[in-house]
Amino acid sequence: MFSRTARPALRAGAAAAAIPARSAAAANSNAATYATLREIEGRLKSIRNIEKITNTMKVVASTKLTRAQRAMESSRNYGETNNKVFESAETKPLEAEGKKTLYVVCSSDKGLCGGVHSGLSRFMRRQLGAADAQPADLVLVGEKSRAQLSRTNPRDIVLTFSGVGKDIPTFADAQAISDQILQLQGDYSDVKIVYNRFINATSYEPTVVSAYSEEAFANSPNFSAFEVDEELLANLREYSLANSLFWALAEGHACEISARQQAMDNASKNAGEMINKYQILFNRTRQAVITNELVEIITGATASADM
(Lines give C-alpha, C1' and ligand atoms only; values in the text may rest on other atoms or scores of the structure.)
Protein backbone atom coordinates (compact mmCIF):
# COMPACT_ATOMS: atom_id res chain seq x y z
CA MET A 1 0.00 0.00 0.00
CA PHE A 2 1.15 3.49 -0.79
CA SER A 3 0.96 6.24 1.71
CA ARG A 4 -1.48 9.12 1.27
CA THR A 5 1.37 11.50 0.61
CA ALA A 6 2.62 9.38 -2.31
CA ARG A 7 -0.75 9.08 -4.07
CA PRO A 8 -0.86 12.64 -5.56
CA ALA A 9 2.59 12.19 -7.02
CA LEU A 10 1.61 8.89 -8.62
CA ARG A 11 -1.52 10.48 -10.07
CA ALA A 12 0.49 13.31 -11.56
CA GLY A 13 2.98 10.85 -13.06
CA ALA A 14 0.20 8.78 -14.62
CA ALA A 15 -1.41 11.91 -16.08
CA ALA A 16 1.92 13.08 -17.49
CA ALA A 17 2.48 9.67 -19.05
CA ALA A 18 -1.03 9.64 -20.55
CA ILE A 19 -0.63 13.04 -22.25
CA PRO A 20 1.99 11.89 -24.84
CA ALA A 21 -0.10 8.82 -25.67
CA ARG A 22 -3.18 10.94 -26.26
CA SER A 23 -1.17 13.42 -28.27
CA ALA A 24 0.24 10.65 -30.50
CA ALA A 25 -3.25 9.18 -31.11
CA ALA A 26 -4.68 12.63 -31.82
CA ALA A 27 -1.81 13.40 -34.18
CA ASN A 28 -2.46 10.21 -36.13
CA SER A 29 -6.19 10.98 -36.29
CA ASN A 30 -5.54 14.53 -37.45
CA ALA A 31 -3.07 13.36 -40.07
CA ALA A 32 -5.70 10.99 -41.52
CA THR A 33 -8.34 13.71 -41.42
CA TYR A 34 -6.09 16.23 -43.13
CA ALA A 35 -5.32 13.67 -45.84
CA THR A 36 -9.04 13.14 -46.31
CA LEU A 37 -9.58 16.88 -46.55
CA ARG A 38 -6.88 17.17 -49.19
CA GLU A 39 -8.43 14.33 -51.16
CA ILE A 40 -11.88 15.91 -51.03
CA GLU A 41 -10.47 19.27 -52.02
CA GLY A 42 -8.63 17.66 -54.95
CA ARG A 43 -11.79 15.95 -56.15
CA LEU A 44 -13.72 19.18 -55.87
CA LYS A 45 -11.16 20.93 -58.02
CA SER A 46 -11.26 18.15 -60.64
CA ILE A 47 -15.06 18.14 -60.81
CA ARG A 48 -15.17 21.93 -61.13
CA ASN A 49 -12.73 21.73 -64.05
CA ILE A 50 -14.87 19.06 -65.70
CA GLU A 51 -17.96 21.22 -65.23
CA LYS A 52 -16.22 24.14 -66.95
CA ILE A 53 -15.24 21.92 -69.90
CA THR A 54 -18.72 20.41 -70.33
CA ASN A 55 -20.36 23.84 -70.07
CA THR A 56 -18.04 25.17 -72.76
CA MET A 57 -18.74 22.20 -75.03
CA LYS A 58 -22.48 22.67 -74.51
CA VAL A 59 -22.25 26.33 -75.53
CA VAL A 60 -20.18 25.44 -78.61
CA ALA A 61 -22.67 22.72 -79.62
CA SER A 62 -25.58 25.13 -79.15
CA THR A 63 -23.86 27.63 -81.42
CA LYS A 64 -23.23 25.01 -84.12
CA LEU A 65 -26.70 23.46 -83.94
CA THR A 66 -28.46 26.30 -85.79
CA ARG A 67 -26.04 26.12 -88.73
CA ALA A 68 -26.26 22.32 -88.79
CA GLN A 69 -30.07 22.40 -88.88
CA ARG A 70 -30.04 24.97 -91.67
CA ALA A 71 -27.71 22.79 -93.75
CA MET A 72 -29.80 19.73 -92.96
CA GLU A 73 -33.02 21.38 -94.18
CA SER A 74 -31.33 22.44 -97.39
CA SER A 75 -29.97 18.95 -98.09
CA ARG A 76 -33.30 17.36 -97.15
CA ASN A 77 -35.05 19.26 -99.94
CA TYR A 78 -32.64 17.82 -102.50
CA GLY A 79 -32.75 14.33 -101.03
CA GLU A 80 -36.54 14.11 -100.82
CA THR A 81 -36.91 15.44 -104.37
CA ASN A 82 -34.39 12.83 -105.52
CA ASN A 83 -36.45 10.08 -103.89
CA LYS A 84 -39.70 11.36 -105.40
CA VAL A 85 -38.26 10.86 -108.88
CA PHE A 86 -37.58 7.18 -108.22
CA GLU A 87 -40.91 6.73 -106.46
CA SER A 88 -42.70 8.16 -109.49
CA ALA A 89 -40.69 5.89 -111.78
CA GLU A 90 -41.40 2.92 -109.44
CA THR A 91 -37.71 2.06 -109.34
CA LYS A 92 -36.88 -1.10 -107.37
CA PRO A 93 -33.60 -2.92 -106.71
CA LEU A 94 -32.84 -5.81 -109.00
CA GLU A 95 -33.22 -9.27 -107.54
CA ALA A 96 -30.44 -11.49 -108.83
CA GLU A 97 -28.71 -14.48 -107.32
CA GLY A 98 -25.12 -13.97 -106.27
CA LYS A 99 -25.41 -10.19 -105.97
CA LYS A 100 -24.78 -8.44 -102.68
CA THR A 101 -26.22 -5.35 -101.06
CA LEU A 102 -23.82 -2.53 -100.28
CA TYR A 103 -24.52 -0.67 -97.03
CA VAL A 104 -23.01 2.80 -96.52
CA VAL A 105 -23.02 3.64 -92.81
CA CYS A 106 -22.75 7.40 -92.17
CA SER A 107 -21.27 8.35 -88.79
CA SER A 108 -18.35 10.63 -87.85
CA ASP A 109 -14.97 10.69 -86.10
CA LYS A 110 -16.07 12.50 -82.95
CA GLY A 111 -17.53 11.17 -79.72
CA LEU A 112 -18.94 12.69 -76.51
CA CYS A 113 -22.41 12.77 -78.06
CA GLY A 114 -24.36 10.08 -76.24
CA GLY A 115 -25.43 6.95 -78.09
CA VAL A 116 -25.85 8.49 -81.53
CA HIS A 117 -23.07 6.33 -83.06
CA SER A 118 -23.57 3.15 -81.03
CA GLY A 119 -27.30 3.16 -81.85
CA LEU A 120 -26.48 3.29 -85.55
CA SER A 121 -24.03 0.39 -85.20
CA ARG A 122 -26.58 -1.71 -83.30
CA PHE A 123 -29.14 -1.06 -86.02
CA MET A 124 -26.62 -2.15 -88.65
CA ARG A 125 -25.85 -5.37 -86.77
CA ARG A 126 -29.56 -6.20 -86.65
CA GLN A 127 -29.84 -5.56 -90.38
CA LEU A 128 -26.94 -7.87 -91.16
CA GLY A 129 -28.01 -10.52 -88.69
CA ALA A 130 -31.65 -10.78 -89.80
CA ALA A 131 -32.89 -14.19 -90.88
CA ASP A 132 -33.83 -13.02 -94.39
CA ALA A 133 -30.76 -10.84 -94.88
CA GLN A 134 -28.79 -11.41 -98.08
CA PRO A 135 -24.98 -11.18 -98.25
CA ALA A 136 -23.78 -7.61 -97.86
CA ASP A 137 -20.65 -5.46 -97.86
CA LEU A 138 -20.03 -2.39 -95.72
CA VAL A 139 -18.69 1.06 -96.51
CA LEU A 140 -18.07 2.92 -93.24
CA VAL A 141 -17.97 6.70 -93.16
CA GLY A 142 -16.38 7.86 -89.89
CA GLU A 143 -14.03 6.33 -87.34
CA LYS A 144 -16.80 5.64 -84.81
CA SER A 145 -18.69 3.19 -86.99
CA ARG A 146 -15.42 1.58 -88.10
CA ALA A 147 -14.28 1.02 -84.51
CA GLN A 148 -17.60 -0.56 -83.52
CA LEU A 149 -18.45 -2.65 -86.58
CA SER A 150 -14.90 -3.90 -87.16
CA ARG A 151 -15.21 -5.95 -83.97
CA THR A 152 -18.27 -7.88 -85.18
CA ASN A 153 -18.19 -7.70 -88.99
CA PRO A 154 -14.57 -7.21 -90.07
CA ARG A 155 -14.86 -9.40 -93.17
CA ASP A 156 -17.78 -7.38 -94.58
CA ILE A 157 -15.92 -4.05 -94.59
CA VAL A 158 -14.65 -3.10 -98.06
CA LEU A 159 -14.04 0.64 -97.70
CA THR A 160 -13.67 3.17 -94.87
CA PHE A 161 -13.47 6.95 -94.69
CA SER A 162 -12.07 9.16 -91.93
CA GLY A 163 -11.86 12.91 -91.34
CA VAL A 164 -15.65 13.19 -91.40
CA GLY A 165 -17.67 15.45 -89.11
CA LYS A 166 -15.11 18.19 -88.51
CA ASP A 167 -17.48 20.71 -90.06
CA ILE A 168 -20.84 20.82 -91.80
CA PRO A 169 -20.80 18.31 -94.71
CA THR A 170 -20.83 19.69 -98.25
CA PHE A 171 -21.89 18.23 -101.56
CA ALA A 172 -18.21 18.07 -102.55
CA ASP A 173 -17.57 15.73 -99.60
CA ALA A 174 -20.46 13.51 -100.65
CA GLN A 175 -19.24 13.56 -104.27
CA ALA A 176 -15.75 12.43 -103.24
CA ILE A 177 -17.18 9.54 -101.21
CA SER A 178 -19.54 8.47 -104.01
CA ASP A 179 -16.64 8.45 -106.52
CA GLN A 180 -14.77 5.95 -104.34
CA ILE A 181 -17.88 3.81 -103.86
CA LEU A 182 -18.56 3.62 -107.60
CA GLN A 183 -15.02 2.34 -108.18
CA LEU A 184 -15.61 -0.77 -106.07
CA GLN A 185 -15.31 -3.99 -108.02
CA GLY A 186 -18.18 -5.84 -106.35
CA ASP A 187 -21.39 -6.63 -108.23
CA TYR A 188 -24.14 -5.12 -106.08
CA SER A 189 -27.86 -5.26 -106.59
CA ASP A 190 -28.39 -1.94 -104.80
CA VAL A 191 -26.80 0.51 -102.38
CA LYS A 192 -28.44 1.33 -99.05
CA ILE A 193 -27.36 4.37 -97.07
CA VAL A 194 -27.84 4.08 -93.30
CA TYR A 195 -27.89 7.29 -91.26
CA ASN A 196 -29.53 8.97 -88.26
CA ARG A 197 -32.66 10.87 -89.26
CA PHE A 198 -33.23 14.08 -87.32
CA ILE A 199 -36.67 14.15 -85.67
CA ASN A 200 -36.26 17.01 -83.18
CA ALA A 201 -33.61 18.43 -80.87
CA THR A 202 -33.88 15.49 -78.48
CA SER A 203 -34.65 12.47 -80.67
CA TYR A 204 -33.39 10.75 -83.81
CA GLU A 205 -33.70 7.31 -85.38
CA PRO A 206 -31.63 5.13 -87.76
CA THR A 207 -33.03 5.26 -91.30
CA VAL A 208 -32.23 3.57 -94.61
CA VAL A 209 -32.44 5.26 -98.02
CA SER A 210 -31.76 3.38 -101.26
CA ALA A 211 -29.51 4.39 -104.14
CA TYR A 212 -30.24 2.36 -107.28
CA SER A 213 -28.02 0.96 -110.02
CA GLU A 214 -28.15 1.81 -113.73
CA GLU A 215 -29.97 -1.45 -114.50
CA ALA A 216 -32.61 -0.61 -111.91
CA PHE A 217 -33.11 2.78 -113.57
CA ALA A 218 -33.47 1.25 -117.01
CA ASN A 219 -35.96 -1.40 -115.81
CA SER A 220 -38.23 1.04 -113.97
CA PRO A 221 -41.82 0.79 -115.26
CA ASN A 222 -42.41 4.55 -115.50
CA PHE A 223 -38.87 5.73 -116.12
CA SER A 224 -39.49 6.34 -119.82
CA ALA A 225 -41.77 9.25 -118.89
CA PHE A 226 -38.70 11.24 -117.85
CA GLU A 227 -37.12 10.90 -121.32
CA VAL A 228 -33.59 10.21 -120.08
CA ASP A 229 -31.07 8.86 -122.59
CA GLU A 230 -29.37 5.60 -121.71
CA GLU A 231 -25.98 7.27 -122.09
CA LEU A 232 -26.84 9.53 -119.17
CA LEU A 233 -27.84 6.77 -116.76
CA ALA A 234 -24.31 6.52 -115.37
CA ASN A 235 -24.31 10.25 -114.63
CA LEU A 236 -27.75 9.99 -113.07
CA ARG A 237 -26.61 7.15 -110.83
CA GLU A 238 -23.53 9.09 -109.70
CA TYR A 239 -25.53 12.23 -109.01
CA SER A 240 -28.31 10.45 -107.14
CA LEU A 241 -25.81 8.57 -104.97
CA ALA A 242 -23.95 11.78 -104.11
CA ASN A 243 -27.24 13.56 -103.46
CA SER A 244 -28.44 10.85 -101.05
CA LEU A 245 -25.06 10.77 -99.31
CA PHE A 246 -25.12 14.54 -98.86
CA TRP A 247 -28.58 14.29 -97.30
CA ALA A 248 -27.50 11.46 -94.99
CA LEU A 249 -24.30 13.20 -93.87
CA ALA A 250 -26.08 16.49 -93.18
CA GLU A 251 -28.84 14.80 -91.16
CA GLY A 252 -26.31 12.73 -89.24
CA HIS A 253 -24.23 15.83 -88.47
CA ALA A 254 -27.27 17.66 -87.08
CA CYS A 255 -28.15 14.63 -84.93
CA GLU A 256 -24.58 14.47 -83.62
CA ILE A 257 -24.48 18.16 -82.65
CA SER A 258 -27.88 17.94 -80.98
CA ALA A 259 -26.90 14.78 -79.08
CA ARG A 260 -23.62 16.39 -77.96
CA GLN A 261 -25.49 19.41 -76.64
CA GLN A 262 -27.81 17.16 -74.61
CA ALA A 263 -24.94 14.99 -73.37
CA MET A 264 -22.86 17.97 -72.23
CA ASP A 265 -25.89 19.55 -70.56
CA ASN A 266 -26.54 16.35 -68.60
CA ALA A 267 -22.84 16.07 -67.72
CA SER A 268 -22.80 19.66 -66.42
CA LYS A 269 -25.86 19.02 -64.26
CA ASN A 270 -24.33 15.84 -62.84
CA ALA A 271 -21.07 17.67 -62.11
CA GLY A 272 -23.01 20.39 -60.29
CA GLU A 273 -24.74 17.81 -58.11
CA MET A 274 -21.43 16.14 -57.30
CA ILE A 275 -19.88 19.50 -56.40
CA ASN A 276 -22.71 20.19 -53.94
CA LYS A 277 -22.31 16.76 -52.30
CA TYR A 278 -18.53 17.03 -52.01
CA GLN A 279 -18.78 20.60 -50.71
CA ILE A 280 -21.08 19.44 -47.90
CA LEU A 281 -18.73 16.54 -47.14
CA PHE A 282 -15.74 18.91 -47.11
CA ASN A 283 -17.47 21.33 -44.73
CA ARG A 284 -18.50 18.53 -42.35
CA THR A 285 -15.03 17.01 -42.36
CA ARG A 286 -13.39 20.38 -41.72
CA GLN A 287 -15.83 21.03 -38.85
CA ALA A 288 -14.93 17.63 -37.39
CA VAL A 289 -11.22 18.56 -37.54
CA ILE A 290 -11.87 21.82 -35.73
CA THR A 291 -13.95 20.02 -33.09
CA ASN A 292 -11.22 17.44 -32.53
CA GLU A 293 -8.62 20.14 -32.10
CA LEU A 294 -10.79 21.94 -29.55
CA VAL A 295 -11.29 18.69 -27.63
CA GLU A 296 -7.53 18.10 -27.56
CA ILE A 297 -6.88 21.63 -26.28
CA ILE A 298 -9.50 21.29 -23.55
CA THR A 299 -8.25 17.83 -22.59
CA GLY A 300 -4.66 19.03 -22.39
CA ALA A 301 -5.66 22.06 -20.32
CA THR A 302 -7.66 19.86 -17.93
CA ALA A 303 -4.79 17.40 -17.57
CA SER A 304 -2.36 20.25 -16.84
CA ALA A 305 -4.72 21.66 -14.24
CA ASP A 306 -4.96 18.26 -12.50
CA MET A 307 -1.19 18.13 -12.26
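Aspartate 109 touches Gly142, Glu143, Lys144, Ser162, Gly163 and Val164, leaving aside residues up to four places away in sequence. The model is predicted. Aspartate 109 sits in the loop between strand 1 and helix 2. Its relative accessibility is 24%. Buried residues fall under 20% and exposed ones over 50%, so aspartate 109 counts as partly exposed.

Two polar contacts involve the side chain of aspartate 109. One reaches the backbone nitrogen of glutamate 143 at 2.7 Å. In the other, a polar atom of the side chain lies 2.5 Å from the backbone nitrogen of glycine 163. Aspartate 109 and glycine 163 are 54 residues apart along the chain, yet their C-alpha atoms are separated by 6.5 Å.

Helix 2 covers residues 116-128. Its 13 residues, at 1.5 Å a residue, should span 18 Å. The end C-alpha atoms are 19 Å apart, which agrees with that expectation. The buried residues of helix 2 are Val116, His117, Gly119, Leu120, Ser121, Phe123, Met124 and Leu128. In an α-helix there are 3.6 residues a turn, so residues three or four places apart point the same way. Strands 1 (100-106), 2 (136-141), 4 (188-200) and 5 (203-211) are among the elements that cover these buried residues. Helix 3 (143-149) and helix 6 (233-306) also contribute to the cover.

Two cysteines were also examined. Cysteine 106 has a relative accessible area of 4% and is therefore buried. Cysteine 113 is at 2% relative accessibility, so this residue counts as buried too. The structure holds zero disulfides.

Definitions and conventions
Residues are numbered from 1 along each chain as its sequence is written. This is a predicted model: local features need pLDDT of at least 70, side-chain atom pairs count only at pLDDT 80 or more; totals for chains, interfaces and linings use all residues. Side-chain values use heavy atoms; hydrogens and water are left out. Helices (H or I, at least four residues) and strands (E, at least two) are DSSP runs, numbered from the N terminus. The expected span of a helix is 1.5 Å times one less than its number of residues. Buried means under 20% relative accessible area, exposed over 50%, partly exposed in between (1.4 Å probe, protein chains only). Contact means heavy atoms within 4.5 Å. A polar contact is a pair of N or O atoms within 3.5 Å; within protein, one must be able to donate a hydrogen and the other to accept it, and residues adjacent in sequence count only if both atoms are side-chain atoms. A disulfide is a pair of cysteine sulfur atoms within 2.5 Å.
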